Amino acid sequence: MELQVTGQTDTGAVRSANQDAIDWCVEPSSGQALLVVADGMGGYQGGEVASRIAVDTVMEVLGPALQDPVLREPPGSESRAALVQSALDLASERIEGRKAQVPDLVKMGTTIVLAWVSGQRALVAHIGDSRCYLVQNNTLQCLTRDDTVVQNMLEDGSIREHDVPNVPFRNVLTRALGASDAIATFSEVLLAPGDQLLLCSDGLTDALGDAIWLTLLSQAESVQGAVQSMVAASLAEKAKDNVSVVLLSTN
Amino acid sequence: MASLSQLVDHVVVTTFEINRPEVRVGRRSDNDIRIDEISVSGRHAVIECVPNAYLEGTVDYYITDSNSTNGTFVNDLCISARQRLNSNDRVRIGWNEFRFVDEDENAMEKTAYILD
């Protein structure tokens, strides 16, 4: 199974700075890929700093594991999850360290979502409200559960989906890197040839209803084209927030 | 503190404080908010104040129609289930127009932040 990954991040139609950070890498020799999206927050330059630290730390810690031929036989999901959490713990420590040095950054934090694909198996980890979707057999499935107050209220029946855009505290996260509770939630899926994994920040989901996603993805002639058309469509909808997409295609 | 203001021709005529966990709205005299008008049912609707379980210091307000004859509407939509109210929502009880105001809501930060 060949893995193709690309990504794009955009400031959006309203914001003046981009606080999202993305990265990815593909190791054809080991059949592995790593995709990361982080959405930073917290005043001044804080959001940009936090999301950059998070993404760079994840790539730094997990990158060698992707190249390591010893790991060509993919380790079990448990040990991969432990390695991911250790990368996130280190990112969290580094964010705390920067906060201690720079008083202006004291409110910074970031979400993170990452997918570590190893052969057919994709390990997905997230903290906050950045999401991972599986595109399989022309259906779209969200693999992550937002760590937000609003998600909790949806699940306990306090509100319904159509109430969400009106709830004043819809942006409040219950977990983030840079907060005390930085434990990631993990899940694993099996990929078949033709499947895609899409990681995104909430700038995409807020601007672009997911009804049109499958059309955009299926009409694109390449992974690059698919990512470009998703970002362009969200900008056409006047995306209020930064928009980031990282897409993996298999064939 | 939240309130429900009755409007006649877009002018506030009466303001009712939502100052207890459950405020009953209807035509009968035992309601907390009594509206003596023919389109209003005896027991028409209930407004609940519920502390948010996930966000300390926040109170959510919910309105439920009490099986009224002429319905309860929020922003012109007839409600069929318990509906969360947002500040400045228009609430209609039968043919009577109200505006719901939650003064605390405007104080909330609009940008993303972390519960810590």
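## Leu123(A)

Leu123(A) is buried because 21 other C-beta atoms lie within 10 Å; buried means 20 or more such atoms within 10 Å of a residue's own C-beta, exposed means 12 or fewer, partly exposed is in between, and C-beta atoms are placed from the backbone. This is a predicted model, where local features need pLDDT of at least 70 and side-chain atom pairs count only at pLDDT 80 or more, while totals for chains, interfaces and linings use all residues. Residues are numbered from 1 along each chain as its sequence is written, with chains lettered from A and ligands numbered from 1 in the order in which they are written.

Leu123(A) sits in strand E6 (residues 121-127) of chain A; strands (E, at least two residues) and helices (H or I, at least four) are DSSP runs numbered from the N terminus. Setting aside neighbours within four places in sequence, its contacts include Trp116(A) and Phe186(A), a contact being C-beta atoms within 7 Å. Ser187(A) is 64 residues away along the chain, yet its C-alpha is 5.9 Å from that of Leu123(A).

## The cores

The largest nonpolar core has 76 residues, with Leu35(A) and Leu177(A) among those with the most contacts inside it. Such a core joins buried Ala, Val, Leu, Ile, Met, Phe, Trp, Tyr and Cys residues through C-beta atoms within 7 Å. Helix H1 (residues 46-67) of chain A gives the largest share, nine residues. A second, separate core of 17 residues includes Val25(B) and Phe98(B).

## A kinked helix

H1(A) has a kink of about 30° at Val61(A), shortly before Pro64(A); the bend is the angle between axes fitted to the seven residues ending there and the seven starting there.

Terms used
Two residues are in contact if their C-beta atoms, placed from the backbone, lie within 7 Å.
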